[in-house]
Amino acid sequence: METQAIIDDYVNKVAAKLPRRLRNDVGVELRTLLTEQLWSAAQEAGRSPDSTLAVDVLRRFGRPDEVAARYAPRGFQLIEPEYAPVFVTVATCCVAIQWGVTLPAVFSSRMTLGDWWLRWGLSAFSWVGFLVLWFGIASWIQRRFPVDPDSGRRPWTHWIFWVPFPGEWRPGEPAATEWRAGLNTAPLGAVLTFFFVAPASILRHLLPAGTDTSWALYDGRFQRWLLAPLIALMALRLVLLAAAALNERRRARTEALRFGLWVGFVAVLYWALLGGRIFAHVLTDTLFKAWLLIFLLVNTIQILVWIRRAAIRVRMPEPLARR
Amino acid sequence: MYCVIHCDVRRMVKTNEGSPSKLETELRRGALVLAVLSQLRAAQYGYSLRQALAEQGMPIEEGTLYPLLRRLEEQGLLASDWRIEDGPPRRYYKLNAKGTRLLADLTANWQALVVAMNRLLK
């Protein structure tokens, strides 16, 4: 009976670490199997089962937590291994940017190092938590709605949430995929461009008469200096997409221009974000800027990735290149 | 399907990549699922299956084999039921239709692999 108590104790320890639905079933099965294992070991050793033999059988079977892990359903990776380098790069950049932007206040004696650490230094690490959540959701979306292996198309669900990689890919002209993706978003771009010309006026026409739309009015300074360049850049991008759609051969030539427009657009938006109010209404301005910050971070990362990819070229190893 | 099972088996290996004994273990683990499926054309319970495999030169640690049976069942390849015959209640496992099809596929793959490897190792 002593040996059975040892086995039961072991089985209970394994069962305690199993999901509830498996606990009983696996526990009963394991107890039977281990008991038979013990009797077999005793038979081989030519003696009766005893506690020493029972402990030996259990030791060979494995530590309870290891055994439970083998029975437990397969878990999932919060961040897929192929995203790990991107995750580390992005998280490091976010922490470095927050430190880089806020640390000058310490050097210009506007803040003590202690105050800086408590206010900005430590809080920079919250980016890591935010990114874990972001990449976790992105990984889940990709597992749940994978890219079609034949066509290389990303399902529409990928657009609900910004999923960093993998993008659409198919063999062919290098920039074609990006152009195609750009063309898909062109109608939305046209509507947004039109809307951002005068959101308050457009909303006044769309909403029931008498609805207050003053919360959508631009700040005077923004409207005077930055709105026109932004709308012009958005419109130019649409023209460029249309030109590329009509004449595929010109895609390579217009690629640099497209990139330039993109960088210009992002730069003007940074200016708008940091240079003062965008909307006259405080709440609209705060909410829009919160969204704009995320939009700009995503676009900055994409621009950096684009530059890095453009810079990567496979070259001949040195000894071969010399021949 | 093979990848799912194979990945599961790989998950159990604590790799010390490069060491000859670990590579040997990896090699054996690659054949583990096929070996187990091959013996489940007739119903077996964990201990009898382990005996059957050992008798035919394929000893498998019980700590590896029993959880593997559960996972193969969860993947819809095995059917199981509790039986009380001459002893304590035992859970018997047997290939279902999907498992039988997979066994046929894996057997064909294995045989092709053996032919290719034999040619390479000459």
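In what order do the 3 strands of the open sheet in chain B run? Figure 1 answers this, and the other views follow from there.

The model is predicted: local features need pLDDT of at least 70, side-chain atom pairs count only at pLDDT 80 or more, and totals for chains, interfaces and linings use all residues. Residues are numbered from 1 along each chain as its sequence is written, and chains are lettered from A and ligands numbered from 1 in the order in which they are written.

**Figure 1. The open sheet of chain B.** The order is β1-β3-β2, with antiparallel pairing. Strands are DSSP runs of E with at least two residues, helices are runs of H or I with at least four, and both are numbered from the N terminus. Two strands pair if DSSP finds at least two bridges between them. β1 (44-45) and β2 (78-83) of chain B are the edge strands, each pairing on one side only. Helix α4 (residues 62-74) of chain B packs on the sheet and touches β2 and β3 of chain B. The direction of this helix makes about 120° with that of β2(B). Axes are lines fitted to C-alpha atoms, for helices over the stretch in contact, and angles run from 0 to 180 degrees between N-to-C directions.

Figure 2. β2(B) pairs with β3 (residues 90-95) of chain B in the antiparallel sense, over 6 bridges. Ala79(B) stands opposite Lys94(B). Ser80(B) has Tyr93(B) as its bridge partner. Between the strands lie 6 residues, and Gly87(B) takes a positive phi near 155° in this hairpin.

**Figure 3. Where chain A touches chain B.** The contact takes 15 residues from chain A and 14 residues from chain B. Two residues are in contact if their C-beta atoms, placed from the backbone, lie within 7 Å. On the chain A side, α2 and α4 (64-71) each supply at least two residues. α2(A) gives the most, with 8 residues. The chain A side divides into 7 nonpolar, 4 polar and 4 charged residues. Here Ala, Val, Leu, Ile, Met, Phe, Trp, Tyr, Cys and Pro count as nonpolar, Asp, Glu, Lys and Arg as charged, and the others, Gly among them, as polar. The model scores ipTM 0.74 and pTM 0.54.

**Figure 4. The largest nonpolar core.** This core has 35 residues. Such a core is a set of buried Ala, Val, Leu, Ile, Met, Phe, Trp, Tyr and Cys residues joined through C-beta atoms within 7 Å. Val14(A), Leu34(A), Val57(A) and Leu78(B) have the most contacts inside the core. Leaving aside neighbours within four places in sequence, Val14(A) is in contact with Leu30(A), Pro64(A), Val67(A) and Ala68(A).

**Figure 5. Asn24(A) in its helix.** Asn24(A) sits in helix α2 (residues 20-45) of chain A. Is this residue buried or exposed? Asn24(A) counts as exposed because 11 C-beta neighbours lie inside 10 Å. A residue is buried if 20 or more other C-beta atoms lie within 10 Å of its own, exposed if 12 or fewer, and partly exposed in between, with C-beta atoms placed from the backbone. The C-alpha atoms of Asn24(A) and Asn12(A) are separated by 9.6 Å.

**Figure 6. Confidence along chain B.** The mean pLDDT is 85, and 84% of residues reach 70 or more. This value is the predictor's confidence in each residue, from 0 to 100. Confidence is lowest in helix α1 (residues 2-11) of chain B, at a mean of 45, and highest in helix α5 (residues 97-121) of chain B, at 96.
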